[in-house]
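The sequence and the structure are shown first.

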There are 2 protein chains.
Amino acid sequence: MSRPITFTLPESIDQREFVVATYLYRTAPGVDIHAAARAIAEMQSTGTWVALERETRTIQERHSARVVAIWEVPDHETELPADHGSRHWVLQIAYPNHNIGGQIPLLLATVYGECASAGEIKLLDLHLPEAFVGAFKGPKFGLDGIRELVGAADRPLLITMLKPAIGLTPKESAEVFYQAAIGGSDGVKDDELLVSQPWSHFIDRVREHERAAQAAFEETGHRTLYFVNITDRPDRLVQNAYRAIEAGASALMVDFVTVGTSALAMLADDPAIAVPIMGHLAFSGAIYASPRTGVSSHLVLGKLPRLAGADIIVYPSPYGTLSFARSKHLRLAGAMTDPFYAIRRTVPAPGGGLHAGMVPRLVDDLGIDFALGAGGAIHGHRQGAAAGARAIRRALDAAARGESLAEAGAASPELAVALEQWPALEPAGS
Amino acid sequence: MSRPITFTLPESIDQREFVVATYLYRTAPGVDIHAAARAIAEMQSTGTWVALERETRTIQERHSARVVAIWEVPDHETELPADHGSRHWVLQIAYPNHNIGGQIPLLLATVYGECASAGEIKLLDLHLPEAFVGAFKGPKFGLDGIRELVGAADRPLLITMLKPAIGLTPKESAEVFYQAAIGGSDGVKDDELLVSQPWSHFIDRVREHERAAQAAFEETGHRTLYFVNITDRPDRLVQNAYRAIEAGASALMVDFVTVGTSALAMLADDPAIAVPIMGHLAFSGAIYASPRTGVSSHLVLGKLPRLAGADIIVYPSPYGTLSFARSKHLRLAGAMTDPFYAIRRTVPAPGGGLHAGMVPRLVDDLGIDFALGAGGAIHGHRQGAAAGARAIRRALDAAARGESLAEAGAASPELAVALEQWPALEPAGS
C-alpha cells in the first residue's frame with residue numbers, strides 16, 4: 001500500500017485548527033530527511049511502522065500530523081559526502097487540534113510523546129491555536145492582580161526567599177518573615193524543599209507567617225503575601241490548598257514541574273482557591289537543560305505554566321548562582337508577559353544568588369514588569385533581613401524612577417552597605 | 001563565618017536514614033571539585049550562596065546533605081594542566097530522609113531540584129531507604145497479580161497496541177480488539193494519544209471493548225484486559241478512573257510522565273480503583289534522553305513509577321523503531337522486577353516496532369517476566385489481527401518452553417507468515 005507524502009506547505013493549513021511544534025533534530029549524514037520527518041509526524045499521530053488497511057484516507061485527512069517546514073542549519077544546497085558529520089535540522093509539524101482536547105498532558109504526549117524517545121530531537125517552540133488555549137483560564141491574578149494585592153503599581157516587585165531553607169520552626173521563620181516584610185518585601189516564599197517536617201508543618205507556618213505579615217502591615221501599611229509551599233501528590237495538593245486557605249494563607253506555592261504542570265491548571269481552575277499561585281523551577285532543568293533533547297525553557301517554565309494558571313514563576317536568573325543564558329531569560333520572561341490571547345500575564349521572578357547590585361541590569365532587561373527573588377542577599381545583609389530587603393527595594397524603586405544605583409546608594413545606608421557587601425554588576429554591554 | 005567541610009565518609013552515615021543520589025557531573029578543568037560538590041549539597045538542602053547566622057550547627061547536623069563520594073572518570077592522580085578539556089565526575093550526595101517526607105515531588109525537588117539548573121549534571125541513581133519507600137504501597141497487582149487475572153503463569157505476556165492510533169469509532173476499534181483478543185492477547189491498550197475525541201469517548205470504548213473482551217472469552221476461555229487511556233489533569237484523571245471502572249473497565253492506562261508520577265500514586269493508593277494500571281512512556285525521553293543532563297531511564301520509567309504503583313510500564317524496546325540501548329533496557333527491566341523491599345514487581349513491557357522475530361532475543365534478555373507490546377506486527381499481519389496476535393503468542397509460548405522460533409514456525413502457519421513478513425532478528429552476541 002502506498003503512503004501519501006505528508007509534507008504540506010504551511011499556507012495550506014489553517015493555523016487556527018493546528019498546534020504547530022518546532023523541533024531541532026540531528027541526523028546522520030545519509031538520512032532522507034523527508035522520510036525521517038514524515039516518520040515523526042506519523043509516530044505522533046495516526047501511524048505505526050507498517051501500513052494498515054484500517055488507516056484510511058479519511059482518518060489520515062482528519063488526524064494525521066503534517067510536516068510543514070524542513071530547514072537545514074546551515075542550509076546546504078549541494079549533496080554532502082557520506083562521511084560528513086551529523087546534520088542539523090529545524091522541523092515544523094502541525095497537529096490537528098481536535099486530536100488533543102483541552103489538556104496539557106495530551107498536548108505533551110502529542111507533540112513530544114514518542115519522538116522524545118526516537119533520537120536527538122528537542123522541542124523548541126509551540127504555536128497554540130485559540131481553540132486550544134480557550135480551554136484554559138490562565139492566571140486568576142497575574143501581574144496586574146498581584147500588583148493590586150500588594151499596592152505596587154509602578155515598580156518591580158520583591159520576593160524574599162526564606163532562608164535557611166530547612167530547619168527553622170514556624171515561630172523562628174515568622175521572625176525572619178517579619179523582618180523581610182517590614183523591609184518592604186511584596187512576597188515571602190518558602191523554600192522549594194520545605195512543605196511539612198516534624199519541625200515545621202505548613203499549616204503552622206501559615207498561622208505564624210500571616211500573623212507576622214499582619215503585624216508588619218500594621219507597622220508599615222504595606223501588604224506582604226506569603227507563598228506557602230503545599231507541594232504534594234495531586235489529591236493531597238488540593239487538600240493542602242484548602243487547608244492553607246482556611247488557615248489564612250494569602251498565597252500558595254507549588255513545585256509544579258515535579259507534580260505536573262496540569263496540577264496547576266487543576267488548582268487555578270478551582271473557584272475555591274482564590275489566592276495567587278507561585279510556580280517554582282525545581283526539576284525543570286531535567287527537561288530543558290540539554291541543548292539537543294528535551295523541551296526549551298520558555299515552554300517548560302513560561303508558556304505552559306502560564307496557560308495552566310501560575311500567577312508568578314520563579315526561574316533561574318542569568319546573573320547569579322544558577323546556569324542560565326541571558327537570551328533564555330529574556331525569551332522566558334517574554335513567554336510570561338507577551339500578549340497570549342485572553343490569558344493574563346504571569347510575573348517573571350528570576351532568582352538564585354541575586355542582590356541589589358544586579359537591579360540595574362534586570363531593569364534594563366525587563367523594565368518594571370518582574371519580581372526579583374532574593375534570599376542570601378536579604379538574610380545575609382550585615383544589618384539584618386529588614387535592611388537586606390530595604391536595600392533591594394530601594395534599588396528597585398530607584399531604577400523604576402530612572403535613578404542610578406549610585407544615587408540611590410548615597411541616599412540609603414542599607415543599600416550602601418549591601419553594595420559594599422556585593423558590588424554592583426556592570427550594565428550589560430559595557 | 002567559617003563553613004564546615006561537608007565531605008563525609010560513606011561509612012559514617014546510616015543508609016537507613018538517607019536518600020543517596022548518584023550524579024554524573026562535568027566541570028571545567030580548573031574547578032575545585034570538593035567546593036563544587038559541597039555547593040550542590042548545600043543548594044539542595046540547608047544552604048544558600050552566603051553564610052547565615054541562623055543556619056546553626058544544629059540545623060546543619062539535622063538537615064544538611066552530605067557529599068559521600070567523589071570519583072573522577074578517568075581517575076587522574078596528578079594535577080592536570082589548566083588547558084585540559086572538561087573533567088567528568090561521579091558524585092554521591094546523601095540527603096536526610098526526614099527532609100523529604102513520603103512523596104515523589106519533594107524527592108525530585110530534593111535530589112534534582114535546583115542542581116538541575118546549575119550546570120551539566122545528570123541523576124544516575126537513587127538509593128531509597130525503607131523509611132521512604134514504606135510510605136508507598138506500590139503496584140496493587142504487579143506481575144503476579146496480572147498473571148493471575150489473565151491466567152498466564154509461565155510465559156511472557158502479550159499486549160496489543162490498538163492501531164490505527166486515532167480515528168476509529170469505538171465500534172470499529174472493538175472489532176480490532178476482538179481480533180486481538182481471540183488471537184490470544186493478554187491485554188489490549190489504547191494509543192497514548194487517544195483519550196476522548198468527538199469520534200471516540202473513553203467511556204464508549206470501555207463499553208464496546210469490554211463487550212468484545214467478553215465475547216472473545218466466551219469463545220476462547222482466555223481473559224483479555226483492556227487498558228483504557230484516561231490521561232488528563234489529576235482531578236479529571238481520578239474522575240475518569242471512577243467512570244471507567246463504573247462502565248466496566250478491567251484496567252486503566254495513564255501517560256504518567258505527562259501527568260506526573262505522583263498522580264500514579266494517587267490512583268494506586270485509592271481503594272476504589274481496584275484494577276491494574278499501565279504507565280506509558282510518552283514524554284519520558286524529555287527527561288532521560290540526554291547523556292549529560294536529566295535523569296536516567298531506569299529511574300524515570302522504572303523505580304519511581306513502580307514505587308508509585310504502576311502494574312505494567314510500556315517502555316522503548318531496543319530492537320524496534322525507537323532509540324534505546326540494550327544495556328538500558330536490561331537495567332530498566334531490572335528496576336521493575338528486582339527485589340525492592342515489600343514493593344511488588346512491575347511488568348516490563350517493551351514496545352515500538354516489535355514482532356514475532358524478536359521474541360527469542362527478548363526472552364534471552366528477560367526470561368519470561370515481561371510483556372511484549374506489539375501494534376503494527378499484529379494489525380499489519382497479512383492474515384489479519386487475530387493471526388498477528390496468534391503468531392506472537394506462539395513465539396512467546398514456544399520460547400517459554402525452550403523451543404526454537406523455527407520449530408514453532410513450522411507448527412504455526414500464522415507464525416510462519418509473520419516470519420516471512422518480518423524476518424527473525426539474530427540472537428544477541430551472534
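In this predicted model, the centres of domain 1 and domain 2 of chain A, taken over C-alpha atoms, are separated by 37 Å. Domain 1 of chain A covers residues 10-133, and domain 2 of chain A covers residues 142-421. Where these two domains meet, 15 residues from domain 1 of chain A and 15 residues from domain 2 of chain A take part in the contact. On the domain 1 side, strand E1 (18-27), H3, strand E4 (121-127) and helix H4 (130-133) of chain A each contribute at least two residues. E4(A) gives the most to this side, with six residues. By kind, the residues of the domain 1 side are nine nonpolar, one polar and five charged.

A second contact joins the two chains. It takes 76 residues from chain A and 75 residues from chain B. Several elements of chain A each supply at least two residues of the side that touches chain B, including helix H2 (57-63), helix H3 (104-112), helix H8 (234-246) and helix H10 (261-268). The largest share of that side, seven residues, comes from H3(A). The residues of chain A that touch chain B divide into 35 nonpolar, 31 polar and 10 charged.

How are the two copies of the chain related? In general, two copies of a chain are related by a rotation about an axis and a shift along it.

| Site | Feature | Value |
|---|---|---|
| Val73(A) to Pro74(A) | cis peptide bond | omega about -5 degrees |
| Lys163(B) to Pro164(B) | cis peptide bond | omega near -10 degrees |
| Phe283(A) | positive phi | near 80 degrees |
| Tyr341(A) | positive phi | near 50 degrees |

Pro74(A) lies in the loop between strand E2 (66-72) and strand E3 (87-96) of chain A. Pro164(B) is in the loop between strand E5 (157-161) and helix H6 (170-182) of chain B. Phe283(A) belongs to the loop between strand E9 (277-280) and H11 of chain A, and Tyr341(A) to the loop between helix H13 (326-337) and strand E12 (347-351) of chain A.

Is Phe283(A) buried or exposed? Phe283(A) counts as buried because it has 28 C-beta neighbours inside 10 Å, and 20 or more are required. Tyr341(A) has 13 C-beta neighbours inside 10 Å and therefore counts as partly exposed.

Finally, one residue of chain B may be considered. Ile203(B) is part of helix H7 (residues 202-220) of chain B. Ile203(B) is partly exposed, because 18 other C-beta atoms lie within 10 Å. Apart from its neighbours within four places in sequence, Ile203(B) is in contact with Arg243(B), Ala244(B) and Ala247(B). Leu281(B) is 78 residues from Ile203(B) along the chain, and the C-alpha atoms of the two are separated by 23 Å.

Key
Residues are numbered from 1 along each chain as its sequence is written. Chains are lettered from A and ligands numbered from 1 in the order in which they are written. This is a predicted model: local features need pLDDT of at least 70, side-chain atom pairs count only at pLDDT 80 or more; totals for chains, interfaces and linings use all residues. Two residues are in contact if their C-beta atoms, placed from the backbone, lie within 7 Å. Helices (H or I, at least four residues) and strands (E, at least two) are DSSP runs, numbered from the N terminus. Ala, Val, Leu, Ile, Met, Phe, Trp, Tyr, Cys and Pro count as nonpolar, Asp, Glu, Lys and Arg as charged, and the others, Gly among them, as polar. A residue is buried if 20 or more other C-beta atoms lie within 10 Å of its own, exposed if 12 or fewer, and partly exposed in between; C-beta atoms are placed from the backbone. Domain bounds come from an automatic or database domain assignment.
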